[in-house]
Amino acid sequence: MSGTEAPRARRVAVVGAGLAGCLLATLLGRRGIEVTVYERRPDPRIAGAERGRSINLAISARGLAALEEVGLREQALERALPMHGRMVHPRAGGRHEAPDFQPYSADGRRAINSISRAELNAALLDAAESTPGVTLRFSQRVTGVAGGRLMVDGVPGDAADVVLAGDGAYSAVRGSLDGIEVGQDFLEHGYKELTIPPSDGEFALDPDALHIWPRGDSMMIALPNLDRSFTCTLFWPRDDFAALDTPGKVRAHFAGHYPDVAGLMPALTDDFEHNPVGSLVTVRCEPWVREVDGTLVALLGDAAHAIVPFFGQGANCAFEDCIEIDRCLTETGGRWDLALALYQDRRKPNTDAIAEMALDNFVEMRDRVSSPVYKVAHAAQHALERRLAGRYVSRYELVSFTTVPYARIPGRVRKQNLILAAVAGALTLIAGSAAALLGRALCRRFHRSR
């Protein structure tokens, strides 16, 4: 695509009407760009969500900042439930083993927000559909790009100057492109969703927390819903799912491992049998931008950088992609070729960083959070944040409650820890020197007194 054609792209296609695709289409439509969005599913506002595939979203600062750009921040918060911390459930679950609440922020005021993926997707679809210049096409399975056209079910379809592929971790568009190196790292764990319904019309658990049942090599989490139910997600080694092959085994396992909630799931055995086991994959690929027969193709969201869900940043991160593309178009005067190259350069280090942090947080959630050592360290960290406000900020707060680029966070945390270690060492040295001086003074006084 030549330098004069790129900024005048007339036919822009977004593949995937998920969260990121709809947000990006809305942003582009507001720039006066005509966009067609292609989605393989029927309209989910009519057909409904797939069973057992929701994984409730935890929208935090980055996602809210992006939604603000299209006027959906307050609407999203009205349909969300704030979670101010983790509620860690011990294995015993007995009367003397109360759950342990661990606030997310040092001041206890900040929260991540539990919101239905389906509801948020519907709101973003409505926003895109109401934006002049945006067209939604459902039941259109784009399988690639060739000859300047989208391939729909393997057959040449509409022509496109720019294709923005947000078609998920197993992106068909990405798979159709030559010259892209793709790494897919699967955890040995899978996930399955369950439900805790309301109890006597009320929440069966505290709705102000993300509930975690850490069990070493596995865990269950639960997020609250507006209808007063909880969506639970099991993150287990795949063999553990297969081993529970009868309703009796399922009930016995939950009674032993999740005794405080096993009786709160009347549909447990039905959900366990019929809800699918999903995969947990980290996708790393490069480059994200290719030119194919005159069509500029770029990847975004999970198609470019799928991450595991253990920092609650998948949607937040994808929304940042959309904001960055919009920003780069402004900075380059609408030059798609320059804008997409700049987008990749800026976002790739950040998505690599959050991918690693998400993997590390899985270990923290399934194992460390129940450790007495972790609890002491967590409390000490919050004490430091209160005493050194703005100068010491935990990794969790930087990820969830700021828009500091992900790539800067590991270095900042290391620097903070080195400074603290140096200060602690200096204080120890000073204390030791003071003790030695005091000791010598006491000895001299003792000898004079004799």
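User: Okay, where is Ser 139 found?
Analyst: Ser 139 is in the loop between strand 8 (134-137) and strand 9 (142-146). Strands here are DSSP runs of E with at least two residues, helices are runs of H or I with at least four, and both are numbered from the N terminus. Before we go on: this is a predicted model, where local features need pLDDT of at least 70, side-chain atom pairs count only at pLDDT 80 or more, and totals for chains, interfaces and linings use all residues. Residues are numbered from 1 along each chain as its sequence is written, and side-chain values use heavy atoms, with hydrogens and water left out.
User: Got it. What's the phi of Ser 139?
Analyst: Ser 139 has a positive phi of about 55 degrees, although Ser 139 is not a glycine.
User: New topic: which peptide bond is cis?
Analyst: The one from Glu 286 to Pro 287, with omega near -5 degrees. Pro 287 sits in the loop between strand 17 (278-286) and strand 18 (289-292).
User: Now helices. At what angle do helix 1 and helix 5 pack?
Analyst: Helix 1 (residues 19-30) and helix 5 (residues 117-129) pack at about 25 degrees, with axes 9 Å apart. Axes are lines fitted to C-alpha atoms, for helices over the stretch in contact, and angles run from 0 to 180 degrees between N-to-C directions. So helix 1 is roughly parallel to helix 5. The labels go like this: under 35 degrees is roughly parallel, over 145 roughly antiparallel, 65 to 115 roughly perpendicular, and the rest oblique.
User: Which residues of helix 1 meet helix 5?
Analyst: Leu 19, Cys 22, Leu 23 and Thr 26 in helix 1 do, and their partners in helix 5 include Leu 120 and Leu 124. Contact means heavy atoms within 4.5 Å. Ala, Val, Leu, Ile, Met, Phe, Trp, Tyr, Cys and Pro count as nonpolar, Asp, Glu, Lys and Arg as charged, and the others, Gly among them, as polar.
User: And how do helix 3 and helix 11 cross?
Analyst: The axes of helix 3 (residues 61-69) and helix 11 (residues 314-331) come within 8 Å and cross at roughly 40 degrees. That makes helix 3 oblique to helix 11.
User: Which residues make that contact?
Analyst: Helix 3 brings Arg 62, Gly 63, Ala 66, Leu 67 and Glu 69, while helix 11 brings Asn 316, Phe 319, Glu 320 and Ile 323. They divide into four nonpolar, two polar and three charged.
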